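Q: Kindly guide me through the reading of this structure, one feature at a time.

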Amino acid sequence: MTREAFWHVHGLICDNLIFLSTSNRPQRPVRYQLATFLCRLGAESGIKTAGVMSIAEGTVYLYCTRVCQALREIRNQHLAWPGERRRDFLSAEMSEWGFPGCIGIADGSYIRLMNKPQVNGYAYWCRKKFYAFTIQATCDHRVIFTSYDFGWPGSVQDSRVFKNSHLWQHKEDYFRSHEYILVDKGAVCSYSILLKWC
């Protein structure tokens, strides 16, 4: 992450109430908590992150939890499903590539975990032979994210994640009858479903 990107994210979350102390002891500044979060998510263990940041391992977990909560609360300001006019534009753009009516692309991926989770750890063992969370995301033709589902254990198949997503279960709220998204064969079990409602 660049220095400019770090300070941009810091500016987005620094005023969140989760960073206000509820005791007599003040919290460390948000910049330290964000740096701890990024270090931990950068594939460092909790112990190594604690050593780098000169804090206890439990504090690493606490800082990561706070930053995650703050990021969740600004999600809808930065990630939104396209409205009708935007979907018309996306459909026109994708028509040039031979996909009229297509408004996006979806796929699943893994976010690797350094350690086996203590609760139901076996469920996080993915087909690529490491522990992970599954993320399913949609994006437009310029790779701008329009939705995501996150938090499923790595052993869960893409098709199950996709069929349990808000996007799939409430597709009539997201798509008009001629609109669809492209997915790979791991996300659906029927070609006819793919053509009708992806």
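Predicted model: local features only at pLDDT ≥ 70, side-chain atom pairs only at ≥ 80, totals over all residues.

Q: In which helix does N76 lie, and is N76 buried or exposed?
A: Helices are DSSP runs of H or I with at least four residues, and strands are runs of E with at least two, numbered from the N terminus. N76 belongs to helix 5, residues 75-78. N76 counts as exposed because its relative accessibility is 64%; buried means under 20% relative accessible area, exposed over 50%, and partly exposed in between, with a 1.4 Å probe and protein chains only.

Q: How many aromatic pairs does a search of the whole structure find?
A: A pair of aromatic rings is described by the distance of the centres and the angle of the planes. Rings of Phe, Tyr and Trp (its six-membered ring) pair if their centres lie within 6.5 Å; planes under 30 degrees apart are stacked, over 60 edge-to-face, and the rest tilted. The search finds 8 aromatic pairs. One of them, Y110 with F130, is edge-to-face, at 6.0 Å centre to centre and 85 degrees between the planes. Y110 lies in strand 1 (residues 102-112) and F130 in the loop between strand 1 and strand 2 (132-139), so the pair ties together parts 20 residues apart in sequence. F130 is buried, with a relative accessible area of 15%.

Q: What sits over the ring of F130?
A: A charge sits over a ring if NZ of Lys or CZ of Arg is within 6 Å of the ring centre and within 35 degrees of the ring normal. Here the charged end of R112 takes that place, 4.3 Å from the centre of the F130 ring.

Q: What is the order of the strands in the open sheet?
A: Strands of a sheet pair through backbone hydrogen bonds, either parallel or antiparallel. Two strands pair if DSSP finds at least two bridges between them. The open sheet has 4 strands in the order 3-2-1-4, with mixed pairing. Strand 3 (145-153) and strand 4 (180-182) stand at the edges, each with a single partner strand, so one side of each lacks a neighbour in the sheet.

Q: Which residue is the bridge partner of I105 in strand 4?
A: The partner is L182. Strand 1 and strand 4 run parallel and are joined by 2 bridges.

Terms used. Residues numbered from 1 in each chain as written. Heavy atoms only, no water.
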